[in-house]
Amino acid sequence: MLVLVVDSSTPAVTAALVEVSAGGVTSRAHRCRVDARAHGELLAPQVDAVLAEADVRPRDLAAIVAGLGPGPFTGLRVGLVTAATMGQVLGVPAYGVCSLDGIGHPAAAGEPVLAASDARRREVYWAVYDGAGERISGPDVDAPAVVAERARELAVTAAVGDGAHRYAEVLGLPLRAEPRYPDATALAALAAGRIRAGAPGEALTPLYLRRPDAVAAATRKPVLP
Amino acid sequence: MADEPLVLGIETSCDETGVGVVRGHTLLADALASSVDQHARFGGVVPEVASRAHLEAIVPTMDRALREAGVSIADVDAIAVTSGPGLAGALLVGVAAAKGYALAAEKPVYGVNHLAAHVAVDTLEHGPLPEPAIALLVSGGHSSLLLVDDLARGVTPLGATIDDAAGEAFDKVARLLGLPFPGGPHIDGQARAGDPAAIAFPRGLTAPKDQAAHRYDFSFSGLKTAVARWVEARQRAGEPVPVADVAASFQEAVCDVLTVKALDACRANGIGTLVVGGGVAANSRLRAMAEHRAAKHGIRVRVPRPKLCTDNGAMVAALGSHLVAAGVAPSRLDLPADSALPLTTVSV
Ligand SMILES: [Zn+2]
């Protein structure tokens with residue numbers, strides 16, 4: 001089954017075409033560009049490019065998988081709305097996967113690992129995975145010092161992801177180089193059970209974790225200075 | 001006619017998620033989801049709240065539009081989307097959605113200018129627009145006077161507000177008077193019972209000295225402040241505020257300036273058609289005053305019905321249909337959302 005994977009939860013804008021079979025998930029074509037300010041420009045051409053490279057028409061897709069974040073909202077929505085609208089037109093299910101799982105799950109190697117991505121405002125989005133790659137805490141958004149404390153409590157022995165690299169000193173954990181951003185094949189693998197079973201698609205609701213910034217009218221300045 | 005372009009239009013530049021379907025100049029569907037209630041308690045549109053609402057609303061709104069029009073996305077010739085100007089995060093949801101639809105259905109996508117779409121929507125009501133025409137666009141986000149030489153390829157900005165948009169002034173004055181957000185319909189309603197000549201509020205940028213630099217520009221900030229001072233003086237004196245009279249006098253000042261300048265632009269350029277669009281074009285006094293004054297000069301005023309004046313998907317589809325018919329090339333898939341898209345750019 002041919003599956004399109006998109007993730008725009010981090011500065012890396014990712015589109016991939018994967019083949020999901022009984023035996024596993026294999027990558028057929030992959031595009032990833034790191035640019036925190038151009039998700040809207042980059043994603044659609046990348047989707048177009050992976051389909052063209054594999055000589056696949058959109059109607060050949062059996063499902064779409066999208067990273068639900070957490071991630072900076074504006075960029076995150078680009079991936080989710082792309083997946084939702086394409087799924088709507090093609091009449092195929094769209095499945096969401098926590099984007100941090102695409103970092104933490106493939107990085108797991110016997111001991112607990114912390115996955116973190118940059119949340120701006122001096123915070124990180126984070127989750128902790130056990131030795132088998134199962135998420136045991138998070139996703140959450142906190143200051144790196146708070147995350148370091150939680151990681152100690154959970155006996156984490158390594159950290160992975162762009163956010164972990166950015167705040168390596170505060171976290172004080174050995175770093176894994178890869179994956180730095182959500183891995184498309186891993187995201188597809190985490191949805192493979194639903195894909196193979198033909199499970200119904202889901203509303204792709206972002207993992208926002210933060211409330212919108214909004215100034216209530218009651219606290220606004222009067223019209224006159 | 002079956003050979004006229006069938007175009008989908010997507011609008012998400014502010015707080016309305018709109019999907020319209022148009023064939024040529026015929027409106028087939030105009031589905032709308034609004035997040036206005038979620039913003040009311042903040043007294044204005046909160047960008048992140050609007051963006052979240054667009055993401056939730058886009059798929060169901062598209063479903064409704066296609067059902068209402070009785071067409072499938074496979075039947076359409078193109079997908080048009082507002083690529084600017086507007087709220088950056090809100091625009092991005094619509095642009096990404098349009099690309100998703102275009103990619104999946106293998107259709108061309110047109111990123112279009114929101115303001116040009118406000119002009120184009122009138123073709124759904126009154127047929128092809130004579131060119132050149134003058135357009136007056138007034139809403140909560142914009143107040144502009146344009147010369148429309150060629151709606152498919154370029155419009156010339158003549159003037160714009162130098163401070164508040166006209167709709168913004170309505171919202172702020174409504175708040176002063178204790179009326180709910182958005183203020184336009186409430187001011188309009190109160191004004192019906194008031195005396196428009198009760199209070200002489202200022203008409204911004206209409207003095208002879210303003211003619212050289214600001215002949216076609218607007219300013220509503222001084223008017224808003226004058227209303228605030230007037231109301232607060234009453235309150236300080238412990239006197240009741242005559243809400244209907246204030247609303248009517250304020251509305252009269254706004255409509256007076258808008259129509260005087262729009263008709264001045266028509267006469268100075270020898271143009272016989274004035275199109276009025278944007279949310280404030282739904283104001284009953286503006287419509288009546290524009291028609292009354294234009295008639296004296298033999299100028300025809302075209303104002304679409306109120307539902308088409310406010311932001312909607314049909315206006316974007318109408319412009320898209322016009323672009324397809326004019327043979328304009330579609331946008332590329334890396335089309336950006338541009339919150340400050342200049343008026344001179346009709347399609348990207
Ligand atoms: Zn508008």
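Predicted model: local features only at pLDDT ≥ 70, side-chain atom pairs only at ≥ 80, totals over all residues.
Asp164(B) is buried, with a relative accessible area of 8%. The side chain of Asp164(B) meets the side chain of Lys172(B) in a salt bridge, at 3.6 Å from N to O.

Another salt bridge of chain B joins the side chains of Glu239(B) and Arg234(B), with 3.3 Å from N to O. How exposed are these two residues? Glu239(B) is partly exposed, at a relative accessible area of 39%, and Arg234(B) is partly exposed as well, at 26%.

## Salt bridges in the whole structure

How many salt bridges does a search of the whole structure find over all chains? The count is 29. One of them lies within chain A, where the side chains of Asp101(A) and Arg135(A) meet at 2.8 Å from N to O. Asp101(A) sits in helix H3 (residues 101-107) of chain A and Arg135(A) in strand E8 (residues 135-142) of chain A, so this pair ties together parts that are 34 residues apart in sequence.

The two partners can also be described by their surroundings. Asp101(A) is buried, with a relative accessible area of 11%, whereas Arg135(A) is partly exposed, with a value of 35%.

## Where the chains meet

Let us turn to the contact between the two chains. Chain A brings 37 residues to it and chain B brings 38 residues. The area buried between chain A and chain B is about 3,100 Å², and carbon and sulfur atoms give 69% of that area. For readers new to such numbers, the size of an interface is often given as the accessible area lost when the parts come together.

Charged partners also meet across this boundary: three salt bridges are counted between chain A and chain B. Among them is the one in which the side chains of Arg59(A) and Glu106(B) come together, at 3.7 Å from N to O. Across the same interface of chain A and chain B, seven residue pairs are in polar contact. On the chain A side, helix H1 (39-53) and helix H2 (73-90) each supply at least two of the residues that touch chain B. Which element gives the most to that side? The answer is H2(A), with 13 residues. Sorted by class, the side of chain A that touches chain B has 22 nonpolar, five polar and 10 charged residues.

## A covered strand in chain A

Strand E4 (residues 63-67) of chain A is mostly covered, and five of its five residues are buried. In a regular strand the side chains alternate between the two faces of the sheet. For E4(A), both faces are covered: Ala63(A), Val65(A) and Gly67(A) are buried on one side, and Ile64(A) and Ala66(A) are buried on the other.

Which strands are joined to E4(A)? Strand E1 (residues 2-7) of chain A is joined to E4(A) by four bridges, and the two run parallel. In this pairing, Leu4(A) stands opposite Ile64(A) of E4(A). Strand E5 (residues 94-97) of chain A is also joined to E4(A) by four bridges, again running parallel. Here Val65(A) stands opposite Tyr95(A) in E5(A).

## Two buried residues of chain B

Ser143(B) belongs to strand E7 (residues 143-150) of chain B. Is Ser143(B) buried or exposed? It counts as buried, because its relative accessibility is 1%. A polar atom of the Ser143(B) side chain lies 2.7 Å from the backbone nitrogen of Ala166(B). Not counting residues up to four places away in sequence, Ser143(B) touches several others, including Leu137(B), Gly159(B), Thr161(B), Ala166(B), Phe218(B) and Phe220(B).

Cys266(B) is found in helix H10 (residues 243-268) of chain B. This cysteine is buried, with a relative accessible area of 0%. Which residues does Cys266(B) contact, leaving aside its neighbours within four places in sequence? They are Ile134(B), Ile271(B), Thr273(B), Leu274(B) and Ile299(B). Met315(B), 49 residues from Cys266(B) along the chain, has its C-alpha atom 23 Å from the C-alpha atom of Cys266(B).

Definitions and conventions
Residues numbered from 1 in each chain as written. Chains lettered and ligands numbered in written order. Heavy atoms only, no water. Contact = heavy atoms within 4.5 Å. Buried area = accessible area lost by both parts, 1.4 Å probe. Salt bridge = Lys/Arg side-chain N within 4 Å of Asp/Glu carboxyl O. Polar contact = N/O pair within 3.5 Å; in protein donor to acceptor, adjacent residues only side chain to side chain. Nonpolar A, V, L, I, M, F, W, Y, C, P; charged D, E, K, R; others polar. Buried < 20%, exposed > 50% of the residue type's maximum accessible area, 1.4 Å probe, protein only. Pairing = 2+ DSSP bridges.
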